[in-house]
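Here is a friendly walk through a model for you to follow in your viewer. Keep the sequence at hand as you read.

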Amino acid sequence: MTRLSVAEELESGADRIADMSRADLQIILRRAALMLRNITGVPLEPATEDALNSIAAEMEIGKSDLIRIVLREWLETNAYLPVRVIDEESETDGSA
């Protein structure tokens, strides 16, 4: 369940609160609480945090984007995910 779907479910519940059962309301609120609780991410050691911030600034991307890229590449390299195939015969303008 994504944050967007939880937000939509909360808004829908707020619009029809009189028609909603207590059990349904509890489910929606527990999902929202779980989503909020898990938003903080993974605590990192200060040296790791500094390195990620420096690399992200150098690449001009957000730290979360950098973590996503690094994690995906690690998973591909170690055969946990299939490697994306790049068509070398396709024409590009040189940008990713």
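## Two positive phi angles

With a relative accessibility of 72%, Glu60 counts as exposed. Glu60 sits in the loop between H3 and H4, and its phi is near 60°, a positive value in a residue other than glycine. Please keep in mind that this is a predicted model, so angles like this one are computed from predicted coordinates.

Ala79 also deserves a look. Its phi is near 65°, again positive in a residue that is not glycine. You will find Ala79 in the segment after H4, where it is exposed, with a relative accessible area of 66%.

## The largest pocket

Which residues are the closest to the centre of the largest pocket? The pocket itself has a volume of about 480 Å³. It is lined by 14 residues, and the closest to its centre are Ile39, Gly41, Val42, Ser64 and Ile67. Two elements give two or more residues to this lining: helix H3 (46–59) and helix H4 (63–77).

Helix H4 gives the most to the lining, with 6 residues.

## A nonpolar patch

Ile67 turns up again on the surface. Together with Val42 and Leu44, Ile67 forms a nonpolar patch that has about 250 Å² of accessible area in total. Val42 and Ile67 were also named among the residues closest to the centre of the largest pocket.

Ile67 belongs to helix H4. Is Ile67 buried or partly exposed? Its relative accessibility is 35%, so it counts as partly exposed, since that label covers values between the buried limit of 20% and the exposed limit of 50%.

## Salt bridges

The side chains of Arg68 and Asp65 meet in a salt bridge at 2.6 Å, N to O. These two residues are 3 apart in helix H4, so about one helical turn separates them. Arg68 counts as exposed at 51% relative accessibility, while Asp65 is partly exposed at 35%.

Further along, Arg72 forms a salt bridge with Glu76, the closest N and O atoms being 3.2 Å apart. Being 4 residues apart in helix H4, Arg72 and Glu76 are likewise separated by about one helical turn. Arg72 is partly exposed, with a relative accessible area of 33%.

Definitions and conventions. Residues numbered from 1 in each chain as written. Predicted model: local features only at pLDDT ≥ 70, side-chain atom pairs only at ≥ 80, totals over all residues. Heavy atoms only, no water. 1 Å grid on protein atoms, 1.4 Å probe; cavity = no way out; pocket = protein on both sides within 12 Å on 5 of 7 lines; lining within 4 Å. Points joined across faces, edges and corners; volume = space filled by probe spheres on them. Patch = residues over 30% accessible without salt bridge, like charges linked within 9 Å, V, L, I, M, F, W, Y side chains within 5 Å. Areas by Shrake-Rupley, 256 points an atom, 1.4 Å probe, with all protein chains shown as cover. Salt bridge = Lys/Arg side-chain N within 4 Å of Asp/Glu carboxyl O. Buried < 20%, exposed > 50% of the residue type's maximum accessible area, 1.4 Å probe, protein only.
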